[in-house]
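Subject: Structure handover

Hello,

Here is the structure I promised to pass on. Please open it first, then read my notes below.

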Amino acid sequence: MTAVRLRLTALSAMLALIAVTTGNALAQKKYDTGASDTEIRIGNIMPYSGPASGYGVIGQTEAAYFNKINAEGGINGRKIKFISYDDGYNPSKTVEQARKLVESDDVLLIFNSLGTVTNLAIQKYMNGKGVPQLFVASGASKWDQPKEFPWTMGWQPSYRSEARIYAKYIMKEKPDAKVGVLYQNDDFGKDYLRGLREGFGEKAPMIVAEESYETSEPSMEGHIARLKAAGVDVFISITMPKFAAQAIKKIAELNWKPLQIVSNVSASVGGVMKPAGLENVQGILSAAYAKDGADHQWDNDPGMKRFLAFLQQYYPEADRRDGAVVYGYGAAQTMVKVLEMCGDDLTRANIMKQAASLKEFVPDTLLPGVSINTSPSDFAPIEQLQMMRFKGDKWELFGSVMSSDLNH
Amino acid sequence: MSAAEEVVTEAPAVEAVPKRAMTLGYGTSLVVLAALILTPLFVKNFVIFQMTMLLIYGLAVLALNILTGGSGQFSLGQSAFYAIGAYTTAILMEHFNVNYALTLPVAGVICFGAGFLFGQPALRLSGIYLALATFALALAMPQLLKLGFLEHWTGGVQGLVVTKPDAPFGLPLSQDMWLYYFTLAVSIGIYIASVNLLRSRSGRALMSIRDNEIAASAMGVNVALYKTLAFGVSAGITGIAGGLGAIAVQFVAPDGYTITLAISLFVGMVVGGVGWLPGSIVGSAFIIFVPNIAEGISKGLSGAVFGVLLFLVIYLVPHGARQVALVAQQLTAKLKRN
Amino acid sequence: MELFANQVLAGIATGAIYACMALAVVMIYQAIDHLNFAQGEMAMFSTFMSWQMMQWGVPYWWAFILTVILSFIGGILIERLLFKPLAKAPVLTNVAGFIALFAIVNSVAGLIWDFTIKQYPTPFGSSPFLGSQLISTHQAGMVGVTVLLLAGLYFFFQFTRIGLAMRAAASLPESARLVGINTSWMIALGWGMASAIGAIAGMLIAPVVFLEPNMMGGVLIYGFASAVLGGLSSPLGAVIGGFLVGVFENLAGTYIPGVGNELKLPIALALIITVLVVKPAGLFGRPIVKRV
């Protein structure tokens, strides 16, 4: 009898002990679908095929970066499983892939999916499901709406705010300029155009000519001829890399010498400036938030050294001149930072909470002085840009780092 | 000798398909129908969504099949009608609060009109020229949708977000499941109507045009009328598919309806078997799932893998799923005889 | 008036691109009676090969000639390996084959050479031509090469045995076989020549549009449109069609108020369809007589 009772006491003590330990563990570790003691599942959607396939490099860089993190032991002991699907830049396909990621692959969140329209297509779904749509790879200003869309957050500076910086610069430096704009006829081009008009405010008539082009157009001949004929002396190029280079080259062939501004999207040294011909790009203006992988002024920069070491070991086939590689690296670092901040509380709510409390975080590839800051009312991680002028074979930064917060 | 083997010896633009060979037998139809009705009960919502898309693209491929397999006209512009249908539904639902089910007939009628009108100039074109004219239509459509003065209605480059409907009468179904059964009902209706259309007097007239236009007109078939009607019917069905697609995806934007969609639908028709209506669903499965498979095999080379798979299909079964079905039929017949 | 003249010149400059591509389109149509949707991609691939040779230090003209020869052989190989087995299959199957080829070539080029744009040299220089403000020496050179190619093709098809044999094989294969022409090889030859002309077009177009795997997407569409406008059976028509499309598109963009610029492609396409409705064989094409 005694023996039995003893045994029972021992048993209950043991049970109590187990209850206590697991109870503690539960208090420390919290998981939503997609996270566990060993793994964090991250989804991503990229245009690996189709006309926008050049951007697929971003997804590949991110995959390589997460491989590096896993090889170095993961995040708090958890390995990242990065599941990246192709949508061919077709919004219907994006919806299918997002649903597959969330409902079938059970990802914790979707990270850095590319494109404005494609992300718009899934925004309502993601917010309805309460799954983070984190660090959207698009410069549209609509990702910064924490009230309406608490599960969606952008990453790079918005196109609109960048355009405002150019408008301010022109009004200050060339108040009697006749501005001509060449823009891509889609959300990207229209967002910039809107920002320019806002920036010029009542001086908007300074824009004397607006030319839109379609990505299916083989060349920019006619557009450039029309802008020149309109007497433009400040040319703003809101274009994708290929068209930016075509426009620069055509302007040089015409012996036309307006002040040229190219959008940050097409400011890549290796991707635009060199192909367009270094003799043709001297004095062109732009603005940047990240370092250029092809620019030798960063060769001794500690951050860029880490970046290049990463490329060498984990993604040797990458082209360091490709802006998409630099972009993917920076975005992936931000993601890892947020996951580290989450600790053992890997719930979707905590992910958004941590993503909204980044303070002075600086990925290796950002310009000196630019940092990532967010708050529950500020879902725009990078908001700083610096103007730069092309000289020799590289960009020279000038002026101060400008905050482009739309609310200021 | 099977029908498939006979036509291999010659190379007409569109093979002649006897009207009896255009459909499935009753037994097979019932099995397929049962599978389509029962499967959603056992799978995840996401798979139900994919099955909905399967039916929707299946409808669009079917529409192309009526045009090409029925009347012998070529079209690489189906994405344009799909887009018109999708936008009609989206605009009616979001701007005018029209019930989603009522927007579909409107989309169908508008697209029928558009197709009928486009069929008029297309009458004078044949073969490669018609392919090019329709190709042009598909190219132009996204640009028309982006137009500034339509932006108030279309949302311009940003597109429109569409609200997904709940199941009516308090039925205990998820939105996805309800939409699936709704789409299934519409698809079955259209499929039966299409089969009957091709079996009717008009269907015979269409096929006579397909096989020999001059002979058909000599026999008193109003070639012009039937050809434009075929365009209209095909566009109308595509429009309904587009409307359903807008509801299922909950989003319309010009980027969703590029020439890539038109080419996909075309590939779907070839893979499913030109002129064989049940093949539409096989073709639809090909254009939905094969890119996913290709991507699974290689990210960087997904396009190449897709191309190789497509080549394999057209080498092994140049007549698409119809050929597979025929072989299967012969095998079962042989087995029965033994 | 100056604007008008400038726009016409800019149109001719763009038109030269279309004309080049249209020639290649007509060439393949002459040989196989189809439009090859993968033709632009094949031209892009050839251009990349020449670029790669130049990266390895081969001088421009050597790379040019080698690429034309390699493209010729490549075209024949593609026909023998991929499309000969489809010769008896329905047209639609062939079109699906072109789509598959398109996907493969585009994706492989992207993998080998990635998607960043590459500068491509021009042998003609790129200063303004004869002091003109709108045409560069390269574009003038392009027009020159297109005209030369056209003359060469005309001579080939009119006066050489093999050219005549090819025409015979394309228009009346049955009769051509009876007089001892190997029609199957004539088709392969057509593929080779189309591929070689495409390579020349690609190498001339690349300095303007920059070299990258998607460079031919837009060009091919305009090439088709030009060839159809001028008449698929007439190389001269295709070239004139190219210039017409270029000029018309530019003028529409300049002078049609409001939507002209946004809709210049649809407007140009609508014009082409209108022309086709009036003259179904194109401006310079031979009308096709159908037999019962």
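What is the mean pLDDT of chain B? The mean is 84, and 93% of the residues of chain B reach 70 or more. (pLDDT is the predictor's confidence in each residue, from 0 to 100.)

Some ground rules. This is a predicted model, where local features need pLDDT of at least 70, side-chain atom pairs count only at pLDDT 80 or more, and totals for chains, interfaces and linings use all residues. Residues are numbered from 1 along each chain as its sequence is written, while chains are lettered from A and ligands numbered from 1 in the order in which they are written.

Confidence in chain B

Helix α1 (residues 3-8) of chain B has the lowest confidence in that chain, with a mean of 33. Helix α4 (residues 78-96) of chain B has the highest, at 93. (Helices are DSSP runs of H or I with at least four residues, strands are runs of E with at least two, and both are numbered from the N terminus.) Over residues 1-12 of chain B, pLDDT stays under 50. For that stretch the model has 17 contacts beyond four places in sequence. (Two residues are in contact if their C-beta atoms, placed from the backbone, lie within 7 Å.)

The sheet in chain A

Chain A has an open sheet of 5 strands, in the order β3-β2-β4-β5-β6, with parallel pairing. (Two strands pair if DSSP finds at least two bridges between them.) β3 (79-86) and β6 (152-154) of chain A are at the edges; each has a single partner strand, so one side of each lacks a neighbour in the sheet.

Now the pairs. Strand β4 (residues 109-111) of chain A pairs with β5(A) over 2 bridges, in the parallel sense. A:F111 has A:L134 in β5(A) as its bridge partner. Between β4(A) and β5(A), the chain passes through helix α4 (residues 116-129) of chain A, a right-handed β-α-β crossover. (Right-handed means that, with the strands pointing away from the viewer, the path from the first strand over the helix to the second runs clockwise.) Strand β5 (residues 133-136) of chain A is also joined to β6(A) by 2 bridges, again parallel. There, A:V136 stands opposite A:G154 in β6(A).

Where the chains meet

In all, 25 residues of chain B contact 27 residues of chain A. α3(B) gives the most to the side of chain B that touches chain A, with 5 residues.

Best wishes
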